[in-house]
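Open the model in your viewer and keep the selection tool ready. We will go from stop to stop.

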Amino acid sequence: NQEPGLFRDSFYDIAKFRGDVESIPGAVTDDLSEVVYDVDNYDRENKQLILSCRRKNADFNVRLIKTYRFFNSMIAVKYEAVNIGGTEMNLGFVTSFNVALYCHQNVFKPTLSKKGITLEDKTKTITITADRPCDFTFRNIFNKSGRYISTLVYAIGRTGNLEPGKSCHISFEFSCH
């Protein structure tokens, strides 16, 4: 599968995004999947990791801070996008999760809601939720013979009008039971 991983992040141009999965790649202005983040804090006792990166682009200057918290059956990630430039910005933010579950059919259908998505197979339930309304969508991935491989889930949000020096937050929880 060419798109593995959890919490793969990118910024997108709101004007180029039509609201469907197919328009996401063409709207992406900054793909953060290959970025090496700085480790700001690692607290083993409280199972917390804080990472950050700075991104400079013709359209925006932003610092992205990711705070991971680890639990037995859940990972929680809080994102903070800080406008470190001199002008107001209005960006979109996409986080993707690639989830592989058992599927005896060629189509896997998650259950969508405004605050999350639930994926179930015979043995487990995976739930991805956001702390505020967010657009969730998905795309099933198949091999060359048409057999189901995994489900790529996108959580799509917006920063809103973010003035210089201001920040916005969104949190996600990824649980497996």
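**Stop one: a salt bridge**

Select Arg55 and Asp30: they form a salt bridge, and their closest N and O atoms are 2.8 Å apart. Arg55 sits in strand E4 and Asp30 in strand E2, so this pair ties together parts 25 residues apart in sequence. Remember that you are looking at a predicted model. Now show the surface. Arg55 is partly exposed, with a relative accessible area of 23%. Asp30 has 7% relative accessibility and counts as buried, because buried means under 20%.

Next, select Asp40 and Arg63. Their side chains meet in a salt bridge of 3.1 Å, N to O. Asp40 belongs to strand E3 (residues 38–43) and Arg63 to strand E5, so the pair ties together parts 23 residues apart in sequence. Asp40 is partly exposed at 40% relative accessible area. Arg63 is partly exposed too, at 23%.

Which side chain makes a polar contact with the side chain of Ser52? That of Asp40 does, at 2.8 Å. Ser52 is in strand E4 (residues 48–56). Ser52 is buried, with a relative accessible area of 4%. Beyond its neighbours within four places in sequence, Ser52 is in contact with Tyr37, Asp38, Asp40, Arg63, Leu64 and Ile65.

**Stop three: another salt bridge**

How many salt bridges does the structure hold? There are three. For one more, select Lys66 and Asp9, whose closest N and O atoms are 2.7 Å apart. This pair links distant parts of the chain: Lys66 is in strand E5 (residues 61–70) and Asp9 in strand E1 (residues 8–12), 57 residues apart. Both Lys66 and Asp9 are buried.

**Stop four: an open sheet**

Switch to the cartoon view. Five strands make an open sheet in the order E2-E1-E7-E12-E11, with antiparallel pairing. Its edge strands are E2 (28–31) and E11 (135–142), each pairing on one side only. From one strand to the next, the twist averages 25 degrees.

Zoom in on E11. Eight bridges join E11 to strand E12 (residues 148–158), and the two run antiparallel. Select Asn140: it stands opposite Thr151 in E12.

**Stop five: strand E13**

Now colour E13 (residues 167–176) and strand E6 (residues 74–83). They pair in the antiparallel sense over nine bridges. Ala76 stands opposite Glu173 in E13. Finish with Ile128, whose bridge partner in E13 is Phe174.

Technical notes:
Residues numbered from 1 in each chain as written. Predicted model: local features only at pLDDT ≥ 70, side-chain atom pairs only at ≥ 80, totals over all residues. Heavy atoms only, no water. Helix = DSSP H or I, 4+ residues; strand = E, 2+ residues; numbered from the N terminus. Buried < 20%, exposed > 50% of the residue type's maximum accessible area, 1.4 Å probe, protein only. Polar contact = N/O pair within 3.5 Å; in protein donor to acceptor, adjacent residues only side chain to side chain. Contact = heavy atoms within 4.5 Å. Pairing = 2+ DSSP bridges. Axes fitted to C-alpha atoms, helices over the stretch in contact; angles between N-to-C directions. Salt bridge = Lys/Arg side-chain N within 4 Å of Asp/Glu carboxyl O.
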